[in-house]
Every structure is written in structure tokens, then in C-alpha cells.
Amino acid sequence: MWFASTSNRCRRGRLRQCIIQYIRERYQVLVGNQTAEEIKMAIGCVNPRPEALVMTVKGRNLSTGLPQEVDVTSVDVMHALTTPCRDILYAVRTILEKTDPELVADISRSGITLTGGGSLLYGFDQLIYRSTGIACHVADDAILCVALGCGKSMNGSMRCRSTVNYARQKLMQE
């Protein structure tokens, strides 16, 4: 069995922070984490959409300190997420380069399965495909599948542990 892994510091909070920073720089308006998350979920994308989406958001004008509404587009979000997406693509390419050839051949045949909330961003699968040439698809129930898999793994390891403990107890009795 072959394994390949890497760690990427791009997490959900970083995507939100990039959106907050972009809106701050472009519109001179400060929005909070919750608003940034709503923007990401509603109009977030990493590839151009066939038709740009617009979302009106409220924040605080950095000059006046007063509330202000701005229209944020899906293109804005795409630009905001450029750096974290580049980091993710670098991590994917790096891990593929470090992976055993047999496993890479299997991955190229079966494709890459994307999990987690970030995989639901519009065009994320296409972005990885364009970078690697390997087909990608989003897992069913992408948000929960990692937690469910961890739960199954823990359940299996607990069964192994109880079997090992039982065998150890038998040996000690003899």
C-alpha cells in the first residue's frame, strides 16, 4: 500500500481572510468573517462563471466609519482567492511529484476526489484539472465525508485495539 501526503496551510479561515482583505483594498469597506463566509458560499468561484453574480453586502467604510453597502461580484471573489488557490495547486502538484509512479498512474486513471467545503467553490475541480491534467470530481456530501471517514477509521482502530488487548490478556494468562 502506498501513501502520499503533504500539509497545506490553506484553510477555510484563510479564504475568508482573503475575501475580507480584497474588499477592504478594493472598496475601502471592512466586512466581518460571517459576511465573508456568506460571500464565499453564495458567489464564490475560482474560475470565471458563465455570468457574473453580484451580491450586495454591508460593511463599515474605513474613511468615515459609517455603514456602507457595496456590490461584490463573483469576479471580485475569484481575484481574492487567487493566492490561496495558487498555494493549493502548488501542493497538489508537489504531492503528485513525490508520489510513487504506480499510485500516480492509479490516480490518473480514477481521478482526484475533492472533499471539504472549499471543493464546493465553483470551478475548483476544473482549476485542478487544468493544472494537473487529471480528472477531478467533488465527493458526495463533500463537507461531511471527511468527518464520516475519520469516524469510521476511529471505529476500526478501536476494534483493532480491543483485539490486540484481548490477545495480550490471553498471553498474560498463560
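A helix, in what follows, is a DSSP run of H or I at least four residues long, and helices are numbered from the N terminus. The model on screen is predicted.

**The whole chain**

Start with a cartoon view of the protein. It has seven helices and five strands. Followed from the N terminus, the elements run α-β-α-β-β-α-α-α-β-α-β-α. Now colour by accessibility: of the 174 residues, 34% count as buried. Take the contacts between residues at least 6 apart in sequence: 62% of them join residues at least 24 apart.

**Stop 1: Asp76 in α3**

Select aspartate 76, which is part of helix α3, residues 74-80. Is this aspartate buried or exposed? Its relative accessibility is 3%, so aspartate 76 counts as buried, the cut-off for buried being under 20%. Show what surrounds the residue. Once neighbours within four places in sequence are set aside, aspartate 76 is in contact with Tyr22, Arg26, Tyr27 and Asp71. For a distance to draw, pick the C-alpha atoms of aspartate 76 and isoleucine 19: they are 8.4 Å apart in space, while the two residues are 57 apart in sequence.

**Stop 2: Arg16 in α1**

Move to helix α1, residues 12-27, and select arginine 16 within it. Arginine 16 has 18% relative accessibility and therefore counts as buried. Which residues does arginine 16 contact, leaving aside its neighbours within four places in sequence? They are Asn33, Ala36 and Glu37.

**Stop 3**

Glutamine 28 has a relative accessible area of 38%, so it is partly exposed.

**Stop 3: Ala42 in α2**

Helix α2 covers residues 33-43, and alanine 42 is in it. With 44% relative accessibility, alanine 42 counts as partly exposed. Not counting residues up to four places away in sequence, alanine 42 touches Arg49, Leu53 and Met55.

**Stop 4: Gln68 in β3**

Now select strand β3, residues 67-73, and within it glutamine 68. The relative accessible area of glutamine 68 is 26%, so this residue is partly exposed. Show its contacts: beyond residues up to four places away in sequence, glutamine 68 touches Val29, Val57, Lys58, Gly59 and Asn61. One of these, lysine 58, lies 10 residues from glutamine 68 along the chain, and their C-alpha atoms are separated by 5.6 Å.

**Stop 6**

Hide the side chains shown so far and select α4. This helix has 17 residues and reaches 24 Å from its first C-alpha to its last, close to the 24 Å expected at 1.5 Å a residue. Its buried residues are Pro84, Cys85, Ile88, Leu89, Ala91, Val92, Thr94, Ile95 and Leu96. When reading such a list, note that an α-helix has 3.6 residues a turn, so residues three or four places apart point the same way.

How do the two axes meet? Those of α4 (residues 82-98) and α6 (residues 124-132) come within 10 Å and cross at roughly 50 degrees. The helices are therefore oblique to each other, and the crossing is right-handed. Show the side chains at the contact: α4 supplies Cys85, Ile88, Leu89, Val92, Arg93 and Leu96, and α6 supplies Phe124, Leu127, Ile128, Ser131 and Thr132. By class, the contact residues divide into eight nonpolar, two polar and one charged.

**Stop 7**

End at the loop between β5 (136-138) and α7 (145-173), where aspartate 141 lies. Phi of aspartate 141 is near 55 degrees, again a positive value in a residue other than glycine. Aspartate 141 counts as partly exposed because its relative accessibility is 47%.

Terms used
Residues are numbered from 1 along each chain as its sequence is written. This is a predicted model: local features need pLDDT of at least 70, side-chain atom pairs count only at pLDDT 80 or more; totals for chains, interfaces and linings use all residues. Side-chain values use heavy atoms; hydrogens and water are left out. Axes are lines fitted to C-alpha atoms, for helices over the stretch in contact, and angles run from 0 to 180 degrees between N-to-C directions. Helices (H or I, at least four residues) and strands (E, at least two) are DSSP runs, numbered from the N terminus. Angles under 35 degrees count as roughly parallel, over 145 as roughly antiparallel, 65 to 115 as roughly perpendicular and the rest as oblique. A crossing is left-handed if the near helix is turned anticlockwise from the far one by less than a right angle, and right-handed if clockwise. Contact means heavy atoms within 4.5 Å. Ala, Val, Leu, Ile, Met, Phe, Trp, Tyr, Cys and Pro count as nonpolar, Asp, Glu, Lys and Arg as charged, and the others, Gly among them, as polar. The expected span of a helix is 1.5 Å times one less than its number of residues. Buried means under 20% relative accessible area, exposed over 50%, partly exposed in between (1.4 Å probe, protein chains only).
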